[in-house]
Amino acid sequence: MSQSEMTKKTILPAGFDERDTHLTFDGHDLVALGQEHGTPLFVFSERQLRHNASSFLAGARAGHQRARVFYASKACSNRRVLEIFHEDGLDIEVNSGGELYKAQRAGYAPRQIVFNGVAKSASEIDHAIALDIQAINVDAVYELRRIGERARAAGRKARVSLRLVPGIAGGATPGIQTGSATSKFGMTQDEFAEALAWLKKAGDAVDVVGIHLHIGSQVDDTEAYLRSVSFAAEQAKRVQQQLGAALSHVNLGGGYPIDYSHQPAGSNEFGQYGAMRKAEAMVSDVAATARKLIGTEVELLFEPGRAMVGNAALLLTTIESCRQRGGHPWIYLDAGYNLMIDAAAVRWYYHMVNAGRAQASEMADFRVVGPLCDSADCFFDVEGEYLFKKVLSRLPDLTPAQQEELRSDIIRLPATRRLPAATIPGDIVALLDVGAYTLEEMFQYCGRQRAAAVMLTLEGNVVPMLARDENADLVSQER
Ligand SMILES: Cc1ncc(COP(=O)(O)O)c(C=O)c1O
């Protein structure tokens with residue numbers, strides 16, 4: 001199968017095309033982009049960002065007229081991204097004083113901001129109270145008391161939303177499941193009861209304007225969301241009964257998925273990295289259910305991050321070396337987990353295509369690794385492969401079917417990537433769907449410069465978003 005055929009079969013994102021032997025994205029030749037701007041290079045699409053924002057907002061509003069979308073800026077808080085979403089009618093979720101600063105710089109008004117976080121500092125709390133933002137999402141009883149005390153001392157009222165544990169663990173991997181009582185987030189029912197008792201007794205400087213929950217990330221399960229709506233409906237009633245005050249909003253969090261797998265429909269090969277439905281269709285169902293169960297008196301808030309930016313960027317990386325080992329060709333990219341920590345931390349799958357060999361007909365299976373000095377810097381599951389071998393050696397009687405089941409439970413990523421057999425050093429490979437949880441998580445390990453980012457604008461221009469580090473940046477904070 002030619003890469004061109006494979007490309008069609010594996011459903012490359014909107015915006016991709018082929019020109020001669022090269023792949024293009026929003027009309028730009030990817031090989032030429034890599035050569036002109038250098039690699040590794042993040043390439044964002046303004047078209048896709050605006051499409052994601054408007055379709056998610058429209059989906060949410062189709063289900064509930066008073067829906068608002070607070071973009072979870074942790075996913076990517078680059079100024080250009082925040083400004084585009086602001087122009088397109090999104091509000092913003094922040095997770096630190098730093099993100100609050102960036103949100104304000106990009107033009108978001110205080111009532112367009114909600115503030116999450118499990119360990120907010122006193123100064124972050126003071127700042128949020130002084131600004132009178134839409135809500136501080138309170139994560140714990142201790143924090144609630146702290147906010148109350150600081151608001152009273154400042155002679156103000158703090159607008160808060162109570163983050164609750166719904167007992168629903170959505171999300172592709174354990175590290176990004178946030179809705180159960182074993183995670184570090186939110187208040188359990190006992191803690192919630194304690195919070196309500198404290199509010200009745202001493203909550204004079206606190207305005208409870210909402211409740212909040214967030215079940216995880218890359219949640220490809222509409223049912224899980226619908227269960228969380230029922231939970232939210234019950235809890236909203238409980239707050240109103242106990243505190244006698246109507247809530248102004250219910251915040252159902254984010255977590256909506258994108259299709260990282262690019263496998264043909266029905267393929268379950270990298271199940272947790274796929275998305276059976278589009279985020280906008282899922283949120284529409286969730287919002288419609290919320291309208292039925294919670295009503296239209298309150299505003300309905302959503303906090304999507306990944307679904308807003310994930311598929312709006314790709315990463316161009318050059319192959320710097322190669323070898324033959326263990327029956328496979330290996331290729332060495334100039335991009336490692338210092339640019340996408342999730343590739344190592346939670347073994348995230350990023351689909352790869354050779355940007356300069358679109359018409360190749362012969363394919364081969366490559367072991368793909370990054371440039372850093374440890375074995376974890378690879379695009380297969382080195383830890384899982386090791387663990388599987390070890391467990392298997394202790395269970396010699398497993399049938400082949402049982403072995404296979406164990407293998408797919410333990411090993412999270414494919415061992416190899418299918419690329420044109422002619423792929424060699426100097427080729428430019430594009431990693432897809434790298435817009436979320438990458439730019440702000442880059443670091444300079446091994447003396448590596450953090451990558452540059454550009455945006456392809458609607459007018460067809462290539463504008464800078466982030467400058468590549470220079471060697472001086474590697475030492476600029478040293479004293
Ligand atoms: C409270 C909260 N809201 C929203 C998000 C965004 O999640 P996602 O990017 O999966 O939509 C997160 C992610 O960690 C979160 O913790």
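**A loop and its neighbours**

Guide: Let's start with P371, which counts as partly exposed because its relative accessibility is 26%, between the limits of under 20% for buried and over 50% for exposed. Please keep in mind that this is a predicted model. P371 sits in the loop that runs between β16 (363-369) and α13 (382-394). Leaving aside residues up to four places away in sequence, P371 touches L333, D334, A335, G336, D377 and R448.

The side chain of T39 makes a polar contact with the side chain of D334, at 2.6 Å. The T39 side chain also makes a polar contact with the side chain of T318, again at 2.6 Å. T39 itself belongs to the loop between α2 (30-37) and β4 (41-45). Beyond residues up to four places away in sequence, T39 touches G34, L316, T317, T318, D334, I428 and R468.

Now back to the two elements on either side of the P371 loop, β16 and α13. They are joined by a salt bridge: the side chains of E385 and R367 meet with N to O at 3.0 Å. E385 is in helix α13 and R367 in strand β16, so this pair links distant parts of the chain, 18 residues apart. Both E385 and R367 are buried.

Strand β16 has another charged partner to show you. D365 forms a salt bridge with R418, with the closest N and O atoms 2.9 Å apart. Because D365 lies in strand β16 and R418 in strand β17 (residues 417-420), the pair ties together parts that are 53 residues apart in sequence. How covered are these two? D365, at 27% relative accessibility, counts as partly exposed, and R418, at 44%, is partly exposed as well.

To set these pairs in context, the count for the model comes to 20 salt bridges. Among them is the pair R50 and E87, whose side chains meet at 2.8 Å, N to O. Here R50 is in helix α3 (residues 46-63) and E87 in helix α4 (residues 79-87), 37 residues apart. R50 is buried at 17% relative accessible area, whereas E87 is exposed at 57%.

Technical notes. Residues numbered from 1 in each chain as written. Predicted model: local features only at pLDDT ≥ 70, side-chain atom pairs only at ≥ 80, totals over all residues. Heavy atoms only, no water. Helix = DSSP H or I, 4+ residues; strand = E, 2+ residues; numbered from the N terminus. Polar contact = N/O pair within 3.5 Å; in protein donor to acceptor, adjacent residues only side chain to side chain. Contact = heavy atoms within 4.5 Å. Buried < 20%, exposed > 50% of the residue type's maximum accessible area, 1.4 Å probe, protein only. Salt bridge = Lys/Arg side-chain N within 4 Å of Asp/Glu carboxyl O.
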